[in-house]
Amino acid sequence: MAEDIQQIRAFLEGLSSRERRLLFVRGVLSGLAGLLLTGLLLSLLLSLGMARHWAVVWGVSLVLLSLAAAARPLIGWREAGDAARQARLVEHALPELRSRLLTAIDRRDSPHVSQALIARAVAKAGALIAPLQPNTIHPAQPVRRILAGVLLLGGLVTLLGTLLPIGPIDAVAVLLQGRASVAAERMLAGDVVAEDDALIGDIVLHYTFPDYTLLDPLLVPNSDGTIHAPPGTRVKITARTAESFEAAALQIGDGEPSEAGLAGGRDLDATLDIIGEGVWRFILVRGEEVHRSADFRIVVDEDAAPVVSIEQSQARQVPVNQPLGILWNAQDDFGLQRVVLEVEQDGEVREYELRRPLDGAATLDGGIRMTPKDVGLGSGSEATLRIVAYDNDWMAGGKRGESVEVEVAVLGPQAQGARLSNYIRELRDAMLPPLADFLVEAAPPSSSGAGMLRWAESARGRFDPIRELMKKQWGDDTPSSIDGKVVEDVMESAARLIRFTITTYDPSSGRKTTVRDDETFAELHAVQVASLEKAVYLLDSMIRQAGLAQLAQQAANLAQEAQELKEFADTDPEAGELLARLDQLQRLMSQLAQAASKLDEGRLQEFVNARLEESNSLMDEIRKAIAEGQMEEAQEMLERLAESLQQMSEGLGSQMSQQQQGDDDMAEAYKQLVEDLEQLEQEQQELAEQLAEAREQEDDQSAEQAEMWAQVLALAEAADDAARAAVSASGDGTGWRSSAVARMGRFSESTAGVLDAVRARDAEAAIERVDRAIRQGQIATAAVEHELSRSRPRGESTPDGVVVADEKTTDSIGLLLEILELLEQLQQGQQTESEQMQQLAQQMQQQQQELGERQEQLQQQVGQMEQAMPTSDGTASQSMQRAGEAMERADENLEEGRSMPGEGHQRDAAGRLQSARESLQQQMQEYQQMQQRTQQMQNGEGQSSDENRDGESYSTQEIQIPSPEEFQTPEEYRRALLEGMEADVPEEYEALKKRYYEELVRQ
């Protein structure tokens, strides 16, 4: 048995030795394969242009992986020496052993097992393993496969080493390169002479501009190598050599070379920073040879000085307490640092900062809101103004750009008032000729289309004097005061009339005009006449009120002078002195007579002239008495003269007081009327809310429908606004085809119909009108697009409004499509109203009738208020009438038990009441502007604040909007605007102020 045991042990030891030999060979071959693969991959990566430092990272990583692959087979080295493990492998290969081999090595010395049985098992096991070969248990096939792989990799490495620009062996040299800088140093030291024969091509320049330029990175392919950039720009250069080299460097001018990347022996890359002009080149190394590329230029693009322009460059006269109003624009190639106003006066230059952007914007614009007082100029001062912009070129220290100079003369209060009075008078007179022309001509003025077009061209020229006067007074700006408003209304009505004429009566359109067209022309013609009449009336009222105030002031001065003359006569003066004082009084009376001659009111003029004639006769008698030495009689007549002039002054003062009292009474009535309108609007809205809440409680779906209706209404209003904006963009139709403007007009009419149907919450009618409006919109869009693309006669440019009209029609159609989708959902979800809702609607009818009665009363009061207010345009009365109609429709629907349309008409009525109230507020605001303008005409100084009936003071100066750069973040800017809403303003301005600031926040 001992011999058999020895045989088995020798066999198992042989298996362990074989397995360990195979593991060692596998480890060596795996490591070699890893190294070959590492060299192969590095060769490929470097040949494809990978940067050297990334190649180092990949090389180290692959070497570590190769070592790990070599060590992995050796993990089983210890287990290979375990005899039991080898026995299990043999048992697995020879199942007929039936664990005899394991028994022979594990239990041969066990006292609990029969030695005879052990001997038989050992003998049997020895007999079975005797013919077994070691390679059966540990075959060499895996090692042979790994060897084949290594040989294959070796052949592949050898092959690619001859094909790739950088072979596996060369890859190691590239990773360890340092020869470029050494060779370059030798060349500069004179040890090596570089040959200028290296050809490079495929130059690509990657520009990264400095932050101050605000320029995006730029890629220039197929460059000739010339670099154009401002100072501070970083340029990455990539290129390709005609021949293969071992290393590369970049040289700028005669400076020291810097490292350049070289991939695949031919692909170059380098980076340089632009400081000044010069040349750059590549230095290329192959062995001990040093080659140079051609020189390429570096051209520095200097940052030009900013360009500053202003819209009003002519000399101007500016009131001392009004903004300078100069509109300016500054532009720079790469960004602006700040914009200032320079005031040059008597050889001294003062600077006032206007803007300092946070982000170095390339374009800034604005207007100067500072008054002459704010920049140190007083009444009668003269100065030269210029706008100066500095760019943010940090290398040049910021260059300066100037606007043209503006000569400014500052007007004092009296000069300002006289200038304003003359302007208002000239504006009124400029309105009279076109008003007369419109009044005397027929409507329509011609029976032929060609004649109507000739009339339209003539009518357009009627307003040229008005345009010239406004440009002379205000430049390209339209003032926000009442005079600017009336001119704007006149021009808008003229644009509508002329636009309708050229679009309707154009013979080339092939359309026959109808009676309805003539009626529409007559209506627009009447609107034009009304706008001119209103403008003339308002301007004339301002002139008359200012004249009356000046007349009353002069009469008071005259009465005071007469009283002082009477008292002087009581001191027993010499006759010469008394006559001199009489001559002075005579001159004052002449001035008063001249002022009275400008009044259009006959009775007042007659009253003043009669008093002056009596006074002149009395003064002649006084002179006669003085000449005859009758001083007592002269004193008595002087007393009568003082009393007469005092009575005239009191009469004029009384008329001024009555007018002021009338204004106060109207202000009180207006305040109460606005409160009543707001109360009625609120109650109407609450009644509609009651119906909506009742439906929501009855059916959860009703709340969803109500929300959808609100969304539809908002979309309908936006679509209508966009369509009307498209029509307005066509102006008076100059440069447009008549058919395009007409189609936009029909589209606008259709969107207005959609809005009416939506307000009534009539889904079926609204869908029908939306379909019609979409068709009209598509036709209008096609016409506008044709205006954009059609060829025009030489010298005729595309009108400015075409692009805006195209955008607005497209926007409106998009909104209509959204409306249509929502309406279809509403129509599908529409349900028959329950009996309970019908009863509730009928119960509300009585409340609705009461609101309607109050509306009728308030409508009369609104009409009376508009008649008393010179600035009225009738829009408040129209809104009240439409509110009454909506209330009647709401009443009818509630009576029939239809809560949904009833609620829609109720909300429509509330909206109309709101429109009436806002129109009334707008008219009152214009009336107050008219009063303020009149006061400025009297003495050249408008009140800096108006006092309301409670004694509170409100600023009437233009609100100063801070520039965004005064805040650190956009959120702080919006917060400041919202805080501005808390400032007190007169009640009639409250709604306007709210909308104004909300619009700013949305922007």
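**Overview.** I began with the secondary structure of the protein, which comes to 28 helices and 22 strands; the model is a predicted one. I then looked up burial and found that, of the 1003 residues, 44% count as buried. For the accessible surface of the protein I noted about 51700 Å², of which 49% belongs to carbon and sulfur atoms. Turning to contacts between residues at least 6 apart in sequence, I found that 74% join residues at least 24 apart.

**A three-stranded sheet.** I looked next at an open sheet of three strands, whose order is S12-S14-S17 and whose pairing is antiparallel. Strand S12 (307-310) and strand S17 (363-367) stand at its edges with a single partner strand each, so one side of each is left without a neighbour in the sheet.

**Nonpolar cores.** Which residues of the largest nonpolar core touch the most other members? That core has 68 residues, and I listed Ile424, Leu427, Met431, Phe463, Ile466, Val487 and Leu920 as the ones that do. I took isoleucine 466 from this list and, leaving out residues up to four places away in sequence, found that it touches Leu427, Ala430, Met431, Pro434, Val487 and Met491. I also recorded a second, separate core of 39 residues, which includes Ala723, Phe747, Leu815 and Leu820. As background I kept in mind that nonpolar side chains tend to be buried together in soluble globular proteins.

**Proline 465.** I placed proline 465 in helix H13 (residues 464-474). Its relative accessible area is 42%, and proline 465 is therefore partly exposed. I also checked the C-alpha atoms of proline 465 and alanine 430, which are separated by 6.3 Å although the two residues are 35 apart along the chain.

**Helix H16.** Does the span of helix H16 (residues 575-597) agree or disagree with 1.5 Å a residue? Its 23 residues should span 33 Å on that basis, and because its end C-alpha atoms are 33 Å apart, I noted that the two agree. I then went along H16 for burial and found Leu578, Leu582, Leu585, Met589, Leu592, Ala595 and Ala596 to be buried. An α-helix has 3.6 residues a turn, so residues three or four places apart point the same way.

**Backbone exceptions.** I reminded myself that most residues other than glycine have a negative phi, and that most peptide bonds are trans. Against that background I noted a cis peptide bond joining alanine 443 and proline 444, with omega about 5 degrees; proline 444 lies in the loop between helix H11 (413-440) and helix H12 (449-461).

I then looked up two aspartates. Aspartate 202 has a phi near 50 degrees, a positive value in a residue other than glycine, and lies in strand S1 (residues 200-208). Is aspartate 202 buried or exposed? Its relative accessibility is 55%, and because exposed means over 50%, aspartate 202 counts as exposed. Aspartate 346 also has a positive phi, of about 55 degrees, although it is not a glycine, and I located aspartate 346 in the loop between strand S15 (336-345) and strand S16 (348-355). With a relative accessible area of 78%, aspartate 346 is exposed.

Conventions: Residues numbered from 1 in each chain as written. Predicted model: local features only at pLDDT ≥ 70, side-chain atom pairs only at ≥ 80, totals over all residues. Heavy atoms only, no water. Helix = DSSP H or I, 4+ residues; strand = E, 2+ residues; numbered from the N terminus. Buried < 20%, exposed > 50% of the residue type's maximum accessible area, 1.4 Å probe, protein only. Contact = heavy atoms within 4.5 Å. Areas by Shrake-Rupley, 256 points an atom, 1.4 Å probe, with all protein chains shown as cover. Pairing = 2+ DSSP bridges. Core = buried A, V, L, I, M, F, W, Y, C linked by side-chain atoms within 4.5 Å. Expected span 1.5 Å × (residues − 1).
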